[in-house]
Amino acid sequence: MPVRQVFSTVSVVAMAAALATNAAHAQVDEIVVTAQKREQSLQDVPVSVTVFDAEALADYQIEGIQDYFAFTPNVGIVQTNPTSTDISIRGVSNIGGAANSLGVYVDEFNINPAASVTFQSQSGLRTFDQNLFDLERLEVLRGPQGTYFGRNVIGGAINVTTQKPDDELAFTAEAEYGRFDSYLLRAIANTPIVEGKAAARFSAVYRESDGFIEDLGPANNSDAYEQAGVRGAFRFTPTEQLTVDASVSYSDYQQGIEAGVPTGIFFGDIALLGTFGGPVDPGAGFYPDNQEFISTDRPFEINNETLIATVRAEYDLGAFSVVSVSGYIDNDYDSGGDTDGTSNDWYFSDDNDQFESWSTELRVQSNEGSAFDWVFGVLYAEDDTDGFTSVNLTQEFVNNNSVIPFLIGGPLQGPTLAVTNQTVAAERESFGVFGDVTGYFFDDRLQASIGGRFSYDEVFTSLDAQDISTGFAPVSSSGDASFSDFSPRFAAVYEVSDRVNLYTNISRGYKPGNFNLNTEAILNAGLPVSDTVEDESAWNYEVGLKGVFFNGALLANLSAFRLDWSDLQVSQEFTEGLNIIQFTSNAASATSQGVEIDLVARPLDGLEINANAGYLDATFDDFPNAVSNQGSGEFDASGQTLPLAPEWSASGAVTYTKPIRTNLEGFVRGEISYRGEQFATAENLSTVTESLPSFVAVNFRGGLETEHWRVVGFVENAFEEEYYIGTAGANENAASGVHVIPAPRRFGVRVTYKY
């Protein structure tokens with residue numbers, strides 16, 4: 001048995017023994033979620049959910065995706081910078097297609113429906129992984145959530161609920177200083193406007209850091225970043241029946257070069273060109289010996305601006321309520337500069353994505369006390385994305401190369417050669433009709449639900465290119481199509497006892513298709529690709545147990561699941577000479593199955609233990625025509641592990657709080673998280689370029705708290721575990737080798753004042 005399994009087994013046995021032998025324990029608080037569009041106890045919801053309430057968000061010091069996914073089972077994540085992240089839940093990720101496989105909702109508005117419009121410009125969660133603050137709750141829902149959330153939530157949903165204004169005058173200020181000259185300033189103010197009728201809440205955040213990367217080259221690049229954000233929220237209650245919540249937020253993120261260091265290992269595109277005698281040493285060696293030095297000649301910058309506005313209105317008509325949710329999002333992303341990762345002026349890149357989306361949902365739903373719980377609604381949404389990407393080789397690089405002049409018919413006469421120069425536009429209209437009914441039987445011990453969503457999507461995509469893939473001739477292509485789907489849901493919860501429930505959930509998920517543009521180059525290469533990418537669907541079969549044991553001292557939730565995919569969308573690329581051919585294909589089928597367990601225990605007054613673990617077996621069942629991005633052509637990926645699907649994941653936290661004197665408490669906290677190896681492609685290569693290593697990270701926190709003050713000291717990755725969280729996208733094809741992003745030890749102090 002692996003060490004981690006022995007450790008988990010011993011921990012569970014020890015926890016049970018402590019609970020059984022100690023009577024002086026506190027009770028675990030009830031956990032409230034809105035996974036079914038109404039406030040319910042987590043124990044009554046037939047969905048596997050990991051929840052972080054306001055207290056947990058503060059305890060874990062959660063700021064972004066990396067923070068809370070480290071403590072969520074059966075997830076995978078790779079990050080090139082805080083504005084570009086790819087994630088998976090239960091093996092479901094954005095490995096292909098133009099729609100996201102994961103819904104991200106802030107106050108019921110989907111803020112990230114689009115995945116990408118170009119392979120070079122991934123918009124993965126750019127609109128979401130901002131600085132998370134002033135939240136009431138964050139829920140990670142696993143498995144298809146189409147009935148209640150819709151819009152492509154084939155893998156799951158992140159459901160974020162912000163704090164709402166009320167009639168209490170309140171103020172919070174927070175400051176943090178940490179390693180790498182990192183600063184955080186945050187303020188929140190709540191004020192009544194007309195008591196009982198209107199209130200407002202304002203919040204602002206500013207953070208900056210010098211970063212940990214040092215440039216030995218003339219560009220003097222660094223990974224220093226600066227982020228500012230503001231949000232205004234307003235609540236109007238003109239009558240007892242009507243509640244209107246409106247909010248607007250703005251975030252501006254700026255960073256230098258991505259925080260990657262060179263590995264000396266070439267990615268497929270550069271390796272195939274045979275243009276280097278070997279990797280260019282930055283002057284300090286390669287990872288893992290070098291974890292902080294780079295060498296560049298051109299400046300590099302990342303800019304990401306996001307505006308989000310939402311309005312939610314609810315009118316209570318007694319037996320039922322009418323709810324409308326509307327929102328608008330605008331995101332502008334730019335990045336560009338040195339790409340060769342050396343002090344030589346060889347090649348550079350430029351990327352820009354502009355994304356707009358709006359949606360409106362109208363639903364009617366029963367109120368508490370109805371014979372049945374029910375909800376019916378409609379949704380309409382539009383997404384509009386424009387992306388531009390270019391990669392340019394300099395005259396020096398081309399003319400001192402043994403391969404490229406031959407491929408382009410002679411020396412380069414101009415200053416640069418645009419080997420990639422593409423503008424892509426995508427538009428999508430989405431329409432959905434959904435409903436769900438829950439009935440209660442056998443003295444309310446059994447609740448049974450049936451529901452579903454009908455979805456209709458119209459997709460239009462266009463490409464304008466003049467680069468190596470078109471033979472340097474201007475090419476325009478476009479396509480449009482429509483996709484429709486009905487995804488049902490069946491669920492049941494059986495109350496075994498007052499504190500133990502069994503549940504089952506059968507649901508279907510759907511993601512619309514898209515197009516492969518400039519297919520002439522793809523077909524000329526003899527690749528098995530069609531113009532249209534078919535829609536993707538998956539069935540999820542899940543059973544679980546949710547219980548509270550030992551007189552309320554232990555909350556335990558266990559789930560087992562299986563997902564069966566059809567026409568899984570997979571992005572692939574193939575290099576032929578200088579021609580990088582990129583396309584999306586439909587794998588015939590795939591399967592993901594596994595188990596998850598979440599535990600919360602309070603065996604003694606002042607002691608709380610949180611633990612979770614996940615096992616995942618996610619594989620391609622039938623994918624005989626996969627294409628290698630290492631240049632070896634087609635291969636059979638059947639039986640291979642899906643990208644970003646770690647077999648094992650686990651985490652835990654132990655917090656001990658003790659009163660010191662009146663109105664003063666001290667606390668200490670330890671956290672540990674484990675994530676198994678994750679592959680980047682279907683080839684399952686355990687190399688720096690093709691996988692993320694397994695790791696165990698340990699954090700410590702401790703401090704003092706009064707009614708108004710909280711002081712916390714912290715150390716993250718305390719034992720300096722050597723791992724990396726992703727590859728730097730801009731330097732994926734660097735002449736110094738792929739750049740990977742290490743996870744250095746971080747420490748600091750945070751002070752919070754509440755009035």
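Which residue is the bridge partner of Asp252 in strand 19? The partner is Glu305, and the pair belongs to an antiparallel arrangement in which 14 bridges join strand 16 to strand 19 (residues 300–316). The model is a predicted one, in which local features need pLDDT of at least 70 and side-chain atom pairs count only at pLDDT 80 or more, while totals for chains, interfaces and linings use all residues. Residues are numbered from 1 along each chain as its sequence is written, and side-chain values use heavy atoms, with hydrogens and water left out.

Strand 16 (residues 242–255) also runs antiparallel to strand 15 (residues 225–236), to which 12 bridges join it. Here strands are DSSP runs of E with at least two residues, helices are runs of H or I with at least four, and both are numbered from the N terminus; two strands pair if DSSP finds at least two bridges between them. Strands 15 and 16 form a hairpin, with 5 residues between them. Within this pairing, Gly232 stands opposite Val248 of strand 16.

An open sheet of mixed pairing is formed by 5 strands in the order 3-9-10-7-8. Its edges are strand 3 (48–53) and strand 8, each of which pairs on one side only. Strand 9 and strand 10 are joined by 7 bridges in the antiparallel sense, and Arg137 stands opposite Thr161 of strand 10. Thr161 counts as buried, at 13% relative accessibility (buried means under 20% relative accessible area, exposed over 50% and partly exposed in between, with a 1.4 Å probe and protein chains only). Beyond its neighbours within four places in sequence, Thr161 is in contact (heavy atoms within 4.5 Å) with Thr34, Asp107, Leu135, Glu136 and Arg137.

Strands 9 and 10 also take part in the largest nonpolar core, which has 29 residues. A nonpolar core is a set of buried Ala, Val, Leu, Ile, Met, Phe, Trp, Tyr and Cys residues joined through side-chain atoms within 4.5 Å. Phe52, Tyr68, Phe69, Leu138 and Ile158 have the most contacts inside this largest core. Elements that each supply at least two of its residues include helix 2 (54–59), helix 3 (65–69), strand 9 (135–142) and strand 10 (156–162). Apart from this core lies another, of 23 residues, with Leu644, Val688, Tyr724 and Ala730 among them.

The peptide bond from Tyr287 to Pro288 is cis, with omega near 10 degrees; Pro288 lies in the loop between helix 4 (268–273) and strand 18 (293–294). Asp134, although not a glycine, has a positive phi of about 55 degrees. Its place is in the loop between strand 8 (109–110) and strand 9, and at 11% relative accessibility Asp134 counts as buried. Glu720, also a residue other than glycine, has a positive phi near 50 degrees. Glu720 is found in the loop between strand 40 (709–716) and strand 41 (724–727), where it counts as partly exposed at 47% relative accessibility.
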